[in-house]
Amino acid sequence: MRDIAIRRVEQGDLPALLDIYNHYVLNTAITFDIEPRTLEQRQMWIGTFQLAGNAQCFVAVQGGTLIGWACSGKYREKAAYDTTVETSLYLSPDAGGRGIGTRLYRTLFDALKREDIHRFYAGVTLPNDASVALHRAFGFVQIGLQHEVGRKFGKYWDVAVFMRDAEAGGGFTPL
């Protein structure tokens, strides 16, 4: 684990980020994208991240190879949602189970402590025990279930909706 560096995303990371993400597009229901993303599409996406603010992104690098990332971004476009963000985390298929996701999320949430954020949301396509456990470990609670909300690979999938206070406290009852 010591040979894994966590740092802010850089423009040069895009091809590796794209490869990881498109693996999940083509092989899993973790994302509901059906067609692989292009480098051009991801150029616009990376442009949303800042050094400060509610939209941030961190990557994990091992031996010069990018193996995952965690990011935050707008929950919805309307201004009243500005203090609510959605978080995402993706690891290369062989990087799971080594605490990398935990390190990425810890870095992301530490950076976001200084921002004007009230709530964090995350959606997890089920089943995904590892993602559910990670979100719970960071104070997220399941507040809803979107039953058969997405169709991919000829099957309908459920998505668990998770929420966390900025202080990772409570104020709501988990399902």
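Author: In helix α2 (residues 39–46), the residues that count as buried are Arg42, Trp45 and Ile46. Viewed along the axis of α2, these buried residues fall within an arc of 90 degrees, so they line one face of the helix. Glu40 and Met44 are exposed on the other side of α2. An α-helix has 3.6 residues a turn, so residues three or four places apart point the same way.

The terms need their limits. Buried stands for under 20% relative accessible area, exposed for over 50%, and partly exposed for what lies in between, with a 1.4 Å probe and protein chains only. Helices (H or I, at least four residues) and strands (E, at least two) are DSSP runs numbered from the N terminus. The arc is taken from the directions that run from the helix axis to the C-beta atoms.

The model is a predicted one, in which local features need pLDDT of at least 70 and side-chain atom pairs count only at pLDDT 80 or more, whereas totals for chains, interfaces and linings use all residues. Residues are numbered from 1 along each chain as its sequence is written, and side-chain values use heavy atoms, with hydrogens and water left out.

The buried residues of α2 pack against α1 (14–27), β2 (57–62) and β3 (65–74), where contact means heavy atoms within 4.5 Å. Strand β3 contains Ile67, a buried residue with a relative accessible area of 7%. Leaving aside residues up to four places away in sequence, Ile67 touches Ile4, Ile20, Ala60, Val61, Gln62, Tyr90, Leu91, Ser92, Ala95, Arg98 and Ile100. Although Ile67 and Asp94 are 27 residues apart along the chain, their C-alpha atoms are separated by 8.4 Å.

Two of the residues that Ile67 touches, Tyr90 and Leu91, belong to the range of strand β4 (residues 84–91), which also holds Thr84. Thr84 is buried, at a relative accessible area of 11%. With residues up to four places away in sequence not counted, Thr84 touches Tyr75, Arg119 and Tyr121.

Strand β4 also gives the most to the lining of the largest pocket, with six residues. The volume of this pocket is about 1500 Å³. Its lining comprises 50 residues, of which Thr87, Ser88, Leu89, Tyr90 and Gly123 lie nearest its centre. By class, the lining has 24 nonpolar, 18 polar and eight charged residues. A pocket is here an open set of points, on a 1 Å grid over the protein atoms alone, where a 1.4 Å probe fits, with protein on both sides within 12 Å along at least five of seven lines; lining residues have an atom within 4 Å of a point. Grid points are joined across faces, edges and corners, and the volume is the space filled by probe spheres set on the points. Ala, Val, Leu, Ile, Met, Phe, Trp, Tyr, Cys and Pro count as nonpolar, Asp, Glu, Lys and Arg as charged, and the others, Gly among them, as polar.

Side chains of opposite charge can pair when their charged atoms come close. A salt bridge requires a side-chain nitrogen of Lys or Arg within 4 Å of a carboxyl oxygen of Asp or Glu, and the structure holds six of them. One joins Arg119 to Asp165, with the closest N and O atoms 1.8 Å apart. This pair links distant parts of the chain, for Arg119 is in strand β5 (residues 119–126) and Asp165 in strand β7 (residues 155–165), 46 residues apart. Both Arg119 and Asp165 are buried. Salt bridges with shared partners also join Arg7, Glu10 and Asp13 into one network.

Asp33 and Arg37 form a salt bridge through their side chains, at 3.1 Å from N to O. Asp33 counts as buried at 18% relative accessibility, while Arg37 is partly exposed, with a relative accessible area of 29%. Asp82 and Lys74 make a further salt bridge, at 3.8 Å from N to O; Asp82, at 39% relative accessibility, is partly exposed.

Leu126 and Pro127 are joined by a cis peptide bond, with omega about 0 degrees, and Pro127 lies in the loop between β5 and α4 (129–137). Glu148, found in strand β6 (residues 141–152), has a positive phi of about 50 degrees although it is not a glycine.
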